[in-house]
Protein chains: 2
Amino acid sequence: MIDRADLETLARMVGPDNLLTNQPELAPYATDGTKLVFAPDAVIFPGTTEQTAAILRLATEREIPVIPRGAGTGMSGGALPVHGGLVMSLEHMNRILEIDRENLVAKVEPGVITAHLQEAVENVGLFYPPDPASLHISTIGGNVAECAGGLRAVKYGVTRDYVLGLTVVLPTGDIIRTGVETMKGVAGYDLTHLIVGSEGTLAVVTSITLRLLPKPETQRTMLAFFPDVAVAALTVSRIIHRGIIPTILEFMDRVCLDCIREEMAIPVPADAGAMLLMEVDGNAFLVEQESKKIQEACEQGKAISFEKASTREEAERLWQARREISPSLYKLKPHKTSEDIVVPRSRLPELIGVLGELSSRYGLPLPAFGHAGDGNIHVNIMHDKDDPRERGKVVPLVRELFEKILTMGGTITGEHGIGITKAPYLEMEIPKPGLDLMSRIKKAFDPRGILNPGKILLP
Amino acid sequence: MIDRADLETLARMVGPDNLLTNQPELAPYATDGTKLVFAPDAVIFPGTTEQTAAILRLATEREIPVIPRGAGTGMSGGALPVHGGLVMSLEHMNRILEIDRENLVAKVEPGVITAHLQEAVENVGLFYPPDPASLHISTIGGNVAECAGGLRAVKYGVTRDYVLGLTVVLPTGDIIRTGVETMKGVAGYDLTHLIVGSEGTLAVVTSITLRLLPKPETQRTMLAFFPDVAVAALTVSRIIHRGIIPTILEFMDRVCLDCIREEMAIPVPADAGAMLLMEVDGNAFLVEQESKKIQEACEQGKAISFEKASTREEAERLWQARREISPSLYKLKPHKTSEDIVVPRSRLPELIGVLGELSSRYGLPLPAFGHAGDGNIHVNIMHDKDDPRERGKVVPLVRELFEKILTMGGTITGEHGIGITKAPYLEMEIPKPGLDLMSRIKKAFDPRGILNPGKILLP
């Protein structure tokens, strides 16, 4: 555990202003997107890679748990100090170091807010596609730690697809450069992609080299309502069969539609059992052509209604349902457990069938929405925590849901990570030999187990 | 070392027809794309994941080196039995297990030849982009082991960008599934991408789940000659600035052009100092629009000549130079050492300057060609091995070249891997703490060091 002498050493390393030890100041660092609370002993803000290294060297020597943290928007508890210790906030390392227009590469510190990077690169005609819902708050460092996804993943992939190289500090204090600053590179083991998505358990990232794309010329937003999920899913298939990979292909089920019906600026047809929000982007001619083909596919798919936005304002109207769905689910029940499971895209109707069956058997609403394009669906278990009978149903329901998902060739987490909330279920997806190998890899990075203990791998 | 009893056990595991032990039969398995020769003690052909596991379990128990092998086209010696032992050829596990048109996913065994998979998926309107030059011989398993690149990487990325999940056997015989069969997934550490490019040193891959794309509607090939590399490179920049990422953006320098001049069906202008071969693909309208913009960029870039193919035959004529360049370099000198270095795309002119200086100082021709789009340039050190003075120059020249590349923010290998040929230089790119970490990771997979010993990491 951290003692007074450690705190004095740490204060000398970063300056006293960059170390918090008083209870009220610590409070914001005790929680994250899960709303769970674990108190840290102190919070430190390194300003450089070298300071990060000095802190970690001391932590390994003194066996002090260090919990790296971005903006604390994580959905699986990755930034929570479950065993106390030192929260290491990378917020102060927030410079965009370089945007290289010639080589389509950006170099940033981990504390840069995702949306800030996106604006900066778009201002010079470039594009950084990953767009987790939290992008106006979340940091690139946090996105790298969790391998954040987002709505555009179906066409553009996720964070890992844009990380070319990293500067990281190992728990022992060694500073390592991984990967490359170029488009290709195969020298040695791919440490870069091992660290992306490792949820701050292997190393602390202090700089990130990202691949960029040219900014798409334009985009077009469309919205369609369908009588049921089966025809909506068939429409998704038809769109893909026509050789179109839309930028956005979002889905919402009947339970969700019932929750947002009243607030919607555009009418939700009474007989609507599913909604698809679609966007295509790129060359203006191609965007027109593709949106026409999508309209045809929707009509062929017996869409009850179809709308295509012609202006940014119209597009915003179509986006309204998707933006408001998450909070409006609380109409159903006061508490929500959200799982970001993935199934192969074609099995979406089967998943909705499974949810219907579980919902009626457990007597809890299970509204589902999310990324139909890549099969990553957010399933929400609505319940009342204050009712012990309902509270007790959540864990068995989650376990049963995960079992079904895995037999369908899916995964228990598409973009939120394992953290602490999914750690008890990880062995359902990854049998023991795989988990044992991961534990040995963890040890290769972190021999004393000081970095973000208690996450992903249970002891 | 392998003894008679081991051979008997192995023969029982796979059947006597799937184990070679006689000298003449072993010869083809003693070499690879490097033309270096190391004799194996035996060659085994597992037919299933379970047989692979049984073989590896025995090998770890008896400390027998096992060298996994695809088609043996590797350029850095990854498949060579440098310490003897058992070559494990995956050639017999060559089934395409599934092409899933709904979810754009293919599942294959490692012995499938890359071009066979490409044909099979193109027959159903899909596309597997990675195209290493050896694709008509090389296997997907070998491509995964080396993270093979190719000509289309500038637009479509490399092998790692298409691998969703793997079945692998650890050296200890444990069978593990890594990754997912879906578009997204972040459960646990990313073992998939750690194993891709690990050159058969961490695990033996026995099945591969690949992401596919819709097949592009059409493509268009263009060829331009420029007075020098600087204007050719400026043209590459102009193309990218116009928001176009071509599928192919291949480059050839003056020394190369002088070698192929006589054989070319189309005239190579006498004053040509650089050539660009370009291809765009996708929607027919867009392809026309982009090829027009590329033509403009070439004209603006003072191209001496510009040709655009209208038919498949014309395109083949334009491809001739690129296809024939490698063998025609032997006109310069009887032997060739080929390095696949990478520099940031914008630094190509600087690289060519460095090569000119090294060439005149060492008195050896250094023709360069390759992937201008991603900065991955094949530099060929032409020499006469039988002349001891020339032979002695190669290693110091390579070392000096690598030093320059690394100060330019590049890497010593873009797609060929480290294997044995680049292992002595790896520490120039990755300092000791990084190599030590890789050694610890190797140990986490392979505690007795039986899998492909002597590769990547020197003892």
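Predicted model: local features only at pLDDT ≥ 70, side-chain atom pairs only at ≥ 80, totals over all residues.

1. On the domain 1 side, Thr49(A), Leu56(A) and Thr73(A) account for 35% of the area buried against domain 2 of chain A, more than any other three residues.

2. What polar links join these two domains? Between domain 1 and domain 2 of chain A there are 3 residue pairs in polar contact, counting pairs with both residues at pLDDT 80 or more. The count of salt bridges across this interface is 0.

3. Turning to the two chains, a rotation of 180° with 0.0 Å of shift along its axis superposes chain A on chain B, with an RMSD of 0.0 Å. The relation is therefore that of a two-fold axis. Both copies use the same surface, since 100% of the contact residues of chain A recur in chain B.

4. How much area do chain A and chain B bury between them? The figure is about 6200 Å², and 64% of it is on carbon and sulfur atoms. In chain A, the residues that lose the most area to chain B are Lys184(A), Val186(A) and Tyr189(A), together 16% of what that side buries. The contact itself takes 74 residues from chain A and 74 residues from chain B.

5. Between chain A and chain B there are 30 residue pairs in polar contact, both residues being at pLDDT 80 or more. Several helices of chain A each supply at least two residues of the side that touches chain B: α7 (191–195), α8 (229–241), α10 (284–300), α14 (426–429) and α15 (432–445). The largest share of that side, 9 residues, comes from α15(A). Sorted by class, the side of chain A that touches chain B has 33 nonpolar, 26 polar and 15 charged residues.

6. Over all chains the count is 53 salt bridges, and between chain A and chain B it is 6. One pair between the chains is Asp190(A) with Arg160(B), whose side chains meet in a salt bridge at 3.3 Å, N to O.

7. Which residue of chain B meets Lys184(A) in a salt bridge? The partner is Asp374(B), at 3.4 Å, N to O. This pair crosses between chains: Asp374(B) is in the loop between β17 (368–371) and β18 (376–383) of chain B, and Lys184(A) is in the loop between β9 (175–179) and α7 of chain A. Lys184(A) is also among the three residues of chain A that lose the most area to chain B.

Note on methods
Residues numbered from 1 in each chain as written. Chains lettered and ligands numbered in written order. Heavy atoms only, no water. Contact = heavy atoms within 4.5 Å. Buried area = accessible area lost by both parts, 1.4 Å probe. Salt bridge = Lys/Arg side-chain N within 4 Å of Asp/Glu carboxyl O. Polar contact = N/O pair within 3.5 Å; in protein donor to acceptor, adjacent residues only side chain to side chain. Helix = DSSP H or I, 4+ residues; strand = E, 2+ residues; numbered from the N terminus. Nonpolar A, V, L, I, M, F, W, Y, C, P; charged D, E, K, R; others polar. Least-squares fit on C-alpha atoms with pLDDT ≥ 70 in both.
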